[in-house]
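Please keep the sequence and the 3D view at hand while reading.

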Amino acid sequence: MSAVIAIANMTGGVGKTTTAIALGETLATQGAEVLIIDLDAQGNTSFSIAGPRILQNLSETGRTIESYLNARLLERKSRRISDIIRRSVSSVLHDDEQLSLSIICATPNLRHVEQKIIVQLTKAGISWEEIEGEIRKILARDITNLRKRFDYILFDCAPGISAATEAAIKLADLMIMPTIPDFVSTQGVPAFIDSIFGEPDDNKKPWVLFTRVKARSRHQRTYKSLLRENANKPGGTYRVFQVEMPEMVHVPEAMSQSVTFTNTGRMSYNAKWRDFAQPLHALSEEVRRILPNGCGFQPDGNLQVHGG
Ligand SMILES: Nc1ncnc2c1ncn2[C@@H]1O[C@H](COP(=O)(O)OP(=O)(O)O)[C@@H](O)[C@H]1O
Ligand SMILES: [Mg+2]
């Protein structure tokens with residue numbers, strides 16, 4: 001059975017998009033069928049993976065998450081989610097084969113559509129909870145159909161509060177919360193969890209992933225210990241991944257896109273990226289371990305960081 005994973009944090013700039021792309025590509029190099037759904041109006045994932053040309057084409061032909069939400073919630077039209085999927089989108093090659101990575105893109109228009117949904121439905125007397133519930137109902141039904149076709153469905157969520165992000169978090173099998181272990185990023189962790197779940201059930205507890213970790217930072221070590229301690233306390237509302245993602249100066253460059261070539265693949269398997277690729281593979285293994293039984297994809301044999 002496939003696994004639905006939401007990558008979310010109220011704070012921006014903590015590595016949500018980097019995690020979504022790097023983990024998605026890593027799982028795809030292991031042979032899994034992966035779909036990434038961009039829920040952020042900034043469209044960073046869409047831009048990094050699809051590139052400007054494909055993105056413009058998807059936008060012009062109405063194959064974006066916002067046009068889907070617009071049709072389903074505002075126009076009350078039927079619209080199949082499978083029609084907005086861009087398959088085989090990545091130009092990253094692994095063992096000379098294109099990654100089996102698909103995407104549902106977002107553009108800045110998503111912000112307008114989300115605003116319109118809230119204004120129109122609020123005018124009709126529908127509360128925020130009902131709006132989120134409605135989006136969740138629609139997404140959950142459509143995602144159920146996609147579960148047959150993909151091993152992993154990853155949502156790259158928007159920072160702040162968005163009804164679609166909240167819906168994705170609630171319907172996911174696993175929520176990954178990328179967090180820079182410092183004072184500012186750490187502050188938002190319990191507040192965000194509380195705003196979504198109140199007290200999450202045991203099987204709904206988000207998993208904090210330390211990102212941009214600097215081995216020599218004492219400040220970060222303090223906050224890592226604090227978060228791990230709080231996670232282990234009785235009544236702790238989150239868990240913490242064993243693996244930590246290091247700060248690497250080349251990451252911003254890898255997220256950039258030229259018209260014909262995606263650089264992101266370097267992160268997951270280029271030998272020069274060992275310090276990033278190894279924790280990334282460890283993350284994919286940890287994700288498989290913590291997912292509910294039978295969720296996700298079991299690769300054959302030993303996984304190794306690829307050379308080259
Ligand atoms: N491990 C890392 N090392 C160095 N820079 C990183 C790392 N992870 C993310 N970044 C950079 O930090 C910025 C924010 O990351 P991003 O993934 O876009 O965060 P978010 O999606 O949470 O806003 C980007 O410029 C990205 O390239
Ligand atoms: Mg992002």
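Helices (H or I, at least four residues) and strands (E, at least two) are DSSP runs, numbered from the N terminus. The model is a predicted one, in which local features need pLDDT of at least 70, side-chain atom pairs count only at pLDDT 80 or more, and totals for chains, interfaces and linings use all residues. Residues are numbered from 1 along each chain as its sequence is written, ligands are numbered from 1 in the order in which they are written, and side-chain values use heavy atoms, with hydrogens and water left out.

**Two residues**

T186 is found in helix α7, residues 183-197. Buried means under 20% relative accessible area, exposed over 50%, and partly exposed in between, with a 1.4 Å probe and protein chains only. T186 is buried because its relative accessibility is 9%. Its side chain reaches the backbone oxygen of D182 at 2.6 Å.

M10, by contrast, is found in the loop between β1 (3-7) and α1. Because its relative accessibility is 30%, M10 counts as partly exposed. M10 and M177 are 167 residues apart in sequence, while their C-alpha atoms are 9.1 Å apart in space.

**The largest pocket**

A pocket is an open set of points on a 1 Å grid over the protein atoms alone, where a 1.4 Å probe fits, with protein on both sides within 12 Å along at least five of seven lines; lining residues have an atom within 4 Å of a point. The largest pocket is lined by 27 residues, and G13, V14, G15, T18 and R212 lie nearest its centre. Its volume is about 460 Å³, a volume being the space filled by probe spheres set on the points, which are joined across faces, edges and corners.

Helix α1 supplies the largest share of this lining, five residues. At least two residues each come from α1 (16-29), α9 (251-254) and α11 (274-290). In α1, 14 of 14 residues are buried. The helix is followed by G31, whose phi is positive, near 105°.

**Ligand 1**

A residue is near a molecule if one of its heavy atoms lies within 4 Å of it. Of the 14 residues around ligand 1, those that come nearest are G13, T18, R212, P246 and M248.

| Residue | Part in contact | Distance |
|---|---|---|
| G13 | polar backbone atom | 2.7 Å |
| K16 | N or O atom in the side chain | 2.9 Å |
| R212 | N or O atom in the side chain | 2.7 Å |

Conventions. Polar contact = N/O pair within 3.5 Å; in protein donor to acceptor, adjacent residues only side chain to side chain.
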